[in-house]
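Have a look at the structure first, and then read on.

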Amino acid sequence: MKGLLIIVDMEGCVGIQNIMDYRACCAIMMENTKVVISQAQKVNYDKIGVIDFHDSGYNMLELEKKYPHIPIVSHVWNMHNWEEYQDAILVGFHAMNGISTRYAHTLRPEIQCIKLGNKKIGEIEWLINTASFYGMRVKGVLGEDGARN
């Protein structure tokens with residue numbers, strides 16, 4: 001079985017203009033996710049899962065109606081079956097705290113940094129390491145300019 005896990009954040013999604021317009025941002029986040037799901041279905045992934053990584057993780061409830069066969073998990077700490085997926089794609093990510101971009105932060109505004117050993121890392125590197133721990137290959141990271149960390 002070939003499985004793809006799509007992990008989606010909001011701030012780096014293509015089309016986000018005004019982060020204060022929550023409804024519009026959720027719609028854009030879902031559209032970005034639909035594009036990735038559509039492409040994943042074309043390359044014949046047997047299993048597709050989505051993690052809503054933004055804030056509470058309840059930003060894409062409409063996706064459950066469109067894709068009832070695809071599990072939509074509200075945030076990484078609620079994900080209990082990482083090992084069922086071989087590949088991952090990160091969608092809509094932003095730079096880590098301390099990088100000069102529009103929406104740079106690390107998890108929450110009050111978190112200055114997270115570390116892996118002595119190295120400061122952002123959400124992207126944290127998730128890549130988590131995926132690697134479970135034996136997944138990260139096939140791509142889509143996000144705002146400067147999101148490389």
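Two parts are in contact when heavy atoms lie within 4.5 Å. Helices (H or I, at least four residues) and strands (E, at least two) are DSSP runs, numbered from the N terminus. This is a predicted model, in which local features need pLDDT of at least 70 and side-chain atom pairs count only at pLDDT 80 or more, while totals for chains, interfaces and linings use all residues. Residues are numbered from 1 along each chain as its sequence is written, and side-chain values use heavy atoms, with hydrogens and water left out.

**Around α3**

Let us begin with the helix α3 (123-133). Its buried residues are E123, I124, E125, L127, T130 and A131; buried means under 20% relative accessible area, exposed over 50% and partly exposed in between, with a 1.4 Å probe and protein chains only. The cover over these buried residues includes β1 (3-8), β4, β6 (119-121) and β7. After α3 comes G135, which has a positive phi, near 80°.

**Aromatic rings**

Which kinds of ring pairs does the model hold? Rings of Phe, Tyr and Trp (its six-membered ring) pair if their centres lie within 6.5 Å; planes under 30 degrees apart count as stacked, over 60 as edge-to-face and the rest as tilted. There are four aromatic pairs in the structure, and two of them share Y134.

| Pair | Centre distance | Plane angle | Kind |
|---|---|---|---|
| W82 and Y134 | 5.4 Å | 10° | stacked |
| F133 and Y134 | 5.0 Å | 90° | edge-to-face |

W82 belongs to the loop between β3 (72-74) and β4 (87-93), and Y134 to the loop between α3 and β7 (137-143), so their pair ties together parts that are 52 residues apart in sequence. W82 is buried at 5% relative accessible area, Y134 is partly exposed at 33%, and F133 is exposed at 67%.

Elsewhere, F53, F93 and W126 make up one aromatic cluster.

**The largest pocket**

A pocket is an open set of points on a 1 Å grid over the protein atoms alone, where a 1.4 Å probe fits, with protein on both sides within 12 Å along at least five of seven lines; lining residues have an atom within 4 Å of a point. The largest pocket holds about 230 Å³ of space, a volume being the space filled by probe spheres set on the points. Its lining has 13 residues, and H54, D55, H105, L107 and R108 lie nearest the centre.
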